Amino acid sequence: MIKKSSPLPSAVSLSEFGDDQASQWENVVLRYRAPLRGFFARRVREQAEVEDLVQEVFLRLVGRIDGGPIEKVEQYLFQTAANVLRDRGRRNVVRETESHESFDENTHETRAEITPERVLLGKESIALVTAALKRLPDRTRDIFVLRALEQRKYADIAHLLRISTRAVEQHMARALAHLSKALED
């Protein structure tokens, strides 16, 4: 809410908004809050932002006190509202807020609970993969580790092991087929 002790700019008609500074602020807020809400409600998707945008307009008016006089308060407020909306649009573009989605437990899956059973199943899967990797020939296992775990490119692995890229691809295919079969059994 606007502080009542801040005076309105000197060019605002005192008779239009009250006799003292406190009543001037209160009357400006009371008179223009609803029209500003309507202005923003028609222009923004998130209705929760409407009140924040209205407050931003009044804050800018308060910040304008040291500036020159405001001759037409209504025009000034709605021009300020348009600027607030424009600034919000610029911020949203920079922050890419339109590409973000709000989290909603009903829409999004929540993280599964870690139960002792899940831990045991995970350990068993790791043991199966480890045993299957140990049964692979050394070169095939090395290529699988370099590619799958260390995220190396096929060309880098080929250069490192002094073999062709095609040979690396064949070793990888063998390793994946072997692991797939081991996990199926």
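User: Why is Phe 78 called partly exposed?

Analyst: Phe 78 has a relative accessibility of 21%, and buried means under 20% relative accessible area, exposed over 50% and partly exposed in between (1.4 Å probe, protein chains only), so Phe 78 counts as partly exposed. Please keep in mind that this is a predicted model, in which local features need pLDDT of at least 70 and side-chain atom pairs count only at pLDDT 80 or more, while totals for chains, interfaces and linings use all residues. Residues are numbered from 1 along each chain as its sequence is written, and side-chain values use heavy atoms, with hydrogens and water left out.

User: What makes Phe 39 and Phe 40 buried?

Analyst: Phe 39 has a relative accessible area of 11% and Phe 40 has 0% relative accessibility, so each of them counts as buried.

User: Why is the pair of Phe 39 and Phe 40 called edge-to-face?

Analyst: Rings of Phe, Tyr and Trp (its six-membered ring) pair if their centres lie within 6.5 Å, and planes under 30 degrees apart count as stacked, over 60 as edge-to-face and the rest as tilted. The centres of Phe 39 and Phe 40 are 5.2 Å apart and their planes stand at 80 degrees, so the pair is edge-to-face.

User: Which kind of aromatic pair do Phe 39 and Phe 78 form?

Analyst: Phe 39 and Phe 78 also form an edge-to-face pair, with 5.8 Å centre to centre and 75 degrees between the planes.
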